[in-house]
Amino acid sequence: MVALPPIVANLWCVAALLVIGAAAVAIGKRNWARWLVYGCSLTVSAVSCTIAVAHLIAAPAAGSEIVLPLGLPWIGANFRIDVLAAFFLAVIDLGAVAASLYGLGYGRHESAPERVLPFFPVFLAGMNMVILAADAFTFLFAWEFMSLASWALVMTHHRDEENRRAGYVYIVMASLGTLALLLAFGLMAGPDGGYTFAAMRAHGTPPGLAGLVLAFALLGTGSKAGLVPLHVWLPLAHPAAPSHVSALMSGVMTKVAIYGFIRITFDLLGPVSWWWSVPVLLAGVVTATLGVLSALMQNDLKRALAYSTIENIGLIFVALGLAFAFQGNGMKAAAALAMTAALFHVLNHSLFKSLLFFGAGAVLNATGERRMEKLGGLQNRMPATGLLFLIGSVAISALPPLNGFASEWLMLQAILLSPDLPQWALKLLIPAVGAMLALATALAAACFVRAFGISFLGRPRSAAASDAHEVDRLSIAAMAMLAVLCLLAGVLPAFVIDALAPVVQAVTGTRMPVQTVAWLSIVPIAESRSSYNGLLVFFFIVSSASIAAFAIHRLASDRLRRAPAWDCGFPDGSPVTQYTADSFAQPLRRVFGGFAFRAREEVHMPPPGDGSPARLTVTMHDLVWEFIYEPIARLVNALAVRLNHLQFLTIRRYLSLVFGVLVFLLLVLASWG
Amino acid sequence: MERLAFDVAHFFAGSLVLVSLMLLYQDRLSALINVFAFQAVVLALSVAWQAYVQGAPHLYLTAAIALSVKAIIIPVALHRMIRRLGIHREVETAVNIGPTMLAGLGLVALSMVVILRATAAADMLAREDLAFALSVVLLGLLMMVTRRNAVSQVIGFMSLENGLILAATGAKGMPFVVEISVAFSVLVAFIVIGIFLFRIRERFDSVNLQALDDFRGEIR
């Protein structure tokens, strides 16, 4: 058997996914179609993931490439897989495997499978193609393909007014992002039209244009990743899709955007300048803080998860900004550290965000509710889901010994290197960014205490929650797989860092020191400075917890006793007297809500003698929407009204218009050179 | 010989532009059609000369098509048409002749500047031809913009198309298929427009496009 080059094998996987999608159109309505579609997607993604991981481990210096006679005739469709692509491919296909496995179980409850099944594998194929593309045309085509496939999935339940709005906002923002990327690639291709990535790499971009390309790249990839203020579509669209697709969009598609950003800035745009870090750091930190604050205010479980995705994207962009700052100043080791942190967090976020969305999907299946105010007490009814959701929450809250801690710790280590930077602007900016990052991380923990506590603990707040049952085994298997990976990546981060080393080497030109040495401690810079051993922390936590449990159960009493909860002296048995999601968020809303959302609380007391209850109303504003998007929408509307009469001109007027434009263009041409 | 070839081609192409300018100030429809026929004759001569100079026998066919269709069939058909429509004596009040001619001269100058600058590397004969061709195209468009009568708009369109043929034949090595298809597309367009003219006439008792606009209730 002749070994296929990896790129060919990966393209065959993409082709297979497209064929599955086409077949699903025909069989979508059958009962067994779910097994076939998700089963095949699972297999193909697993194969693709294996190839990518093998490529990552072998890490050949030259990528594997191929040119297909498609696309632009004088360029063809260029595909290439190098270590950077291999890493992101592995992340994407890992997410795809989990989502397909979850879909096998979850898909049973889908009311309109014929609208999900064809687009699911096609969406996966689109994401794979973006990563494999090696020229601007193929990249943009795949990018748009991915956007449209995911848009179709967002519109699955299009009869719901809210979903239609989500789809509309999403497609507008996606088009804007593609336009920005188109301009970025156009600038990089230069006047000779070198649209292949190899040509862009070879001739570089003039420094004057680099800033513009960076701006367009931030706009284009940021709108897909969810950078503030381009994030408005994300909390609408991600929850609107079926949960396994939400997991893919949030956990995986945002990573495709990050890949695009890294590819454009680090690979194609040529040598990195330090000042690039300033806009990236600012965008990242604003995104992280605003994302997590918004997540804290949400009542809808899936929407809170979507906002938390925005926060994590902000963290990743902060790490990329740090990498710019260090790389631009020639601090190679520090740049490698920051880049490792960014890539590690990419992997981690894809793991735990998929896990959490699966958990939210399980809750949605079991109760039919996404509003936390209607949940509660699910831990007793869905113990496995509850435990796995808890693991995901701990991981995303960056608590040791799980993986979120490892990557965010690396980020903070990189921030601690900022005093060595020569520019005062960065010396002052980066510690402030670090402080905001710490704040965001703490708020994220609060956010997930709230999400888990309100949904799974306490007493059920509705009949749907009290009648909930555990979900099927396949869904649980998918979640368990991700939870185990979260734990492994957290306990043994040294292996992950070493596996990332070739990618970091390819992107920044250097790598972190080998970490899999004695005792598996990770040492980012020097032992004297800082080190972290996930395994040790894990054993400490496990052993101390077991000893404590043993002590309590053996030395004290091991009998289970049930007693009424302390009711503060008001013996009202109603579950509404429990802490709610809103009341949990109230202190934070009072501290941060005033400037972030212009939150106002008003208490309406009934007049004396009136027996009706007092009312507390909270009003919050989405300032990004009100100050950026609404003015733009008004402007577009006003222009449309102004230009409307152009639709009703006479034939001669139209001809005159064409004639005038032609003459104008000729005049421009005549006066140009 | 080289010099002579250039001069004669220049002469014909320049005459074509001149006839285009003549078209602009014809306010009687029958005179307009006659001038258009004359333009087609000049075009045929120009194309034939190109065929001789370039040694491309298929261009003679193009010239023959231009002569037979544009100089004879279409003008005769148009004459019959305006006679049947009863507008052969009509005087069209075009936009003032002075400004129109000035605009026409400006367009010719513009196309010279554009083409001569854009094609610095090309063969001299092709450059001159292209510049004149663009002038003819722009003058045809100008005529379509300034006239109200549907028939004169048709003539404007076809004189525009003459410019295209001039460009196509002036450039060496243009495939024959292109020229043929351009010629036939004009014929088809002529038939379609002719049919439309009668339909407009049936409905509005006029071929003045004003009537269409009035019917739509538009304010001009």
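Let's start inside chain A: the buried residues of helix α23(A) are covered by elements that include α6 (161-189), α11 (277-297) and α22 (581-596) of chain A. Those buried residues are Leu623(A), Val624(A) and Tyr629(A), where buried means under 20% relative accessible area, exposed over 50% and partly exposed in between (1.4 Å probe, protein chains only). Helices here are DSSP runs of H or I with at least four residues, and strands are runs of E with at least two, numbered from the N terminus.

A word on the model: it is predicted, so local features need pLDDT of at least 70 and side-chain atom pairs count only at pLDDT 80 or more, while totals for chains, interfaces and linings use all residues. Residues are numbered from 1 along each chain as its sequence is written, chains are lettered from A and ligands numbered from 1 in the order in which they are written, and side-chain values use heavy atoms, leaving out hydrogens and water.

Back to α23(A). A kink of about 35° lies at Tyr629(A), shortly before the proline Pro631(A); the bend is the angle between axes fitted to the seven residues ending at a residue and the seven starting there.

Now look at helix α1(A), residues 6-27. Its buried residues include Ile7(A), Leu11(A), Val14(A) and Leu17(A). The buried residues of this helix pack against α2 (33-58), β1 (64-68), β2 (77-81), α3 (83-106) and α4 (119-132) of chain A, with contact meaning heavy atoms within 4.5 Å.

Next come the charges. Side chains of opposite charge can pair when their charged atoms come close. A salt bridge is a side-chain nitrogen of Lys or Arg within 4 Å of a carboxyl oxygen of Asp or Glu, and the whole structure has 14 of them over all chains. In one, Asp267(A) meets Arg201(A) at 2.9 Å, N to O. Asp267(A) lies in helix α10 and Arg201(A) in helix α7, so this pair ties together parts that are 66 residues apart in sequence. Asp267(A) also forms a salt bridge with Arg263(A), with the closest N and O atoms 2.5 Å apart. Shared partners join Glu65(A), Arg80(A), Asp82(A), Arg201(A), Arg263(A) and Asp267(A) into one network.

Finally, see where the chains meet. The contact takes 20 residues from chain B and 18 residues from chain A. Leu110(B), Arg117(B) and Val145(B) supply 30% of the area that chain B buries against chain A, buried area being the accessible area (1.4 Å probe) that two parts lose on being put together, summed over both. Across this interface the rule finds zero salt bridges.
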